[in-house]
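Let's walk through this fold together, one question at a time. Have a look at the chain first.

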Amino acid sequence: MNMTRTTLAVAGLCAIIGVGGLRAQQTPPPAPPAGGHAGHDHAAPAAAGKTATAKLNPTKDSTARGEVTFTQEAKGVRVVGSFNGLQMGEHGFHIHEKGDCSAPDGASAGGHFNPMSKPHAARETADRHAGDLGNVKADPYSMGRVDFVDEHISLDGPNAIIGKAVILHAQKDDFTTQPTGNAGARLACGVIEAGGK
Ligand code: CU
Ligand code: ZN
């Protein structure tokens, strides 16, 4: 009886030590990286999920209108737009430098948003105005849609588009003519505002 109790007590002690030893062998949680990320600009990932919207209203004598949503994603800004009242075919689609749609012809929105002083070009081109978002293709029902992710624009920092304007043009952007793409008259204009959707 006495012997059994001693054996049990020793066994219990061994079990406690054993568990403690196992715990000690487990990998400790990783230490935070030394120095952290201080001094680096990680604005884009930090702002992921941030949104902005622009409601495009027709300029004088135009029927075009639409809505564009901008959402910051890890790889850039997703641009989703839907438009109507357009003649079938392609229409230049840009961000312009001034968030002012007050002029009847949309001229108050200024030129293409170009914070890096680049030439006018197609959306897929590396060297382009930040505001060069290509063309919107309208179908036979006068409707157009876009949905893409763009790496040039941002909702934060020097390429931030909030407070700028979205313009939809009468003609196709030829991606060549400087500095406008020869996209013609401004059919619809909307100021980009933070938030929404
Ligand atoms: Cu334009
Ligand atoms: Zn341009």
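Q: In what order do the elements of the protein run from the N terminus on?
A: This is a predicted model, and it holds two helices and eight strands. Reading from the N terminus on, the order is α-α-β-β-β-β-β-β-β-β.

Q: What share of the contacts in the protein with a separation of 6 or more comes from residues 24 or more positions apart?
A: Start with burial: of the 197 residues in the protein, 32% are buried. As for the contacts with a separation of 6 or more, residues 24 or more positions apart account for 62%.

Q: Which residue in β2 stands opposite Leu56?
A: Strand β1 covers residues 51–58 and β2 covers residues 65–73. The two pair in the antiparallel sense over six bridges. Within that pairing, the residue opposite Leu56 is Gly66.

Q: Which residue in β8 stands opposite Pro58?
A: β1 also has β8 (residues 186–194) as an antiparallel partner, joined to it by five bridges. Look across from Pro58 into β8 and you land on Ala188.

Q: Is Asp61 buried or exposed?
A: Asp61 sits in the loop between β1 and β2, a hairpin with six residues between the strands. Its phi is positive, about 65 degrees, although Asp61 is not a glycine. The cut-off for exposed is 12 or fewer C-beta neighbours. Asp61 has 9 inside 10 Å, so it counts as exposed.

Q: Which element gives the most to the largest nonpolar core?
A: That core has 32 residues, and those touching the most other members are Phe70, Ile95, Ile161, Ala165, Val166, Leu168 and Ile192. The elements giving two or more residues to this core are β1, β2, β3 (76–84), β4, β5, β7 (165–169) and β8. With five residues, the one that gives the most is β8.

Q: Which residues does Val166 touch, leaving out those up to four places away in sequence?
A: Val166 is among the residues that touch the most other members of the largest nonpolar core. With residues up to four places away in sequence left out, the list is Ala54, Leu56, Val68, Ile95, Gly190 and Ile192.

Q: How is Phe175 classed, buried, partly exposed or exposed?
A: You'll find Phe175 in the loop between β7 and β8. Here's another residue that is not a glycine but has a positive phi, of about 65 degrees. Being buried takes 20 or more C-beta neighbours. Phe175 has 19 inside 10 Å, so the class is partly exposed.

Q: Which residues does Ala121 touch, not counting those up to four places away in sequence?
A: Ala121 is in the loop between β4 (89–96) and β5 (132–138). With 18 other C-beta atoms within 10 Å, Ala121 is partly exposed. Skip residues up to four places away in sequence, and the ones touched are Asp127, Arg128, Asp132 and Phe175.

Q: What separates the C-alpha atoms of Ala121 and Asp132?
A: Asp132 is one of the residues that Ala121 touches. Along the chain the two are 11 residues apart, and their C-alpha atoms are separated by 6.6 Å.

Q: What is omega for the peptide bond from Gln178 to Pro179?
A: Pro179 belongs to the loop between β7 and β8, and Phe175 is in that loop too. The bond from Gln178 to Pro179 is cis, with omega near -5 degrees.

Terms used: Residues are numbered from 1 along each chain as its sequence is written. Chains are lettered from A and ligands numbered from 1 in the order in which they are written. This is a predicted model: local features need pLDDT of at least 70, side-chain atom pairs count only at pLDDT 80 or more; totals for chains, interfaces and linings use all residues. Two strands pair if DSSP finds at least two bridges between them. Helices (H or I, at least four residues) and strands (E, at least two) are DSSP runs, numbered from the N terminus. Two residues are in contact if their C-beta atoms, placed from the backbone, lie within 7 Å. A nonpolar core is a set of buried Ala, Val, Leu, Ile, Met, Phe, Trp, Tyr and Cys residues joined through C-beta atoms within 7 Å.
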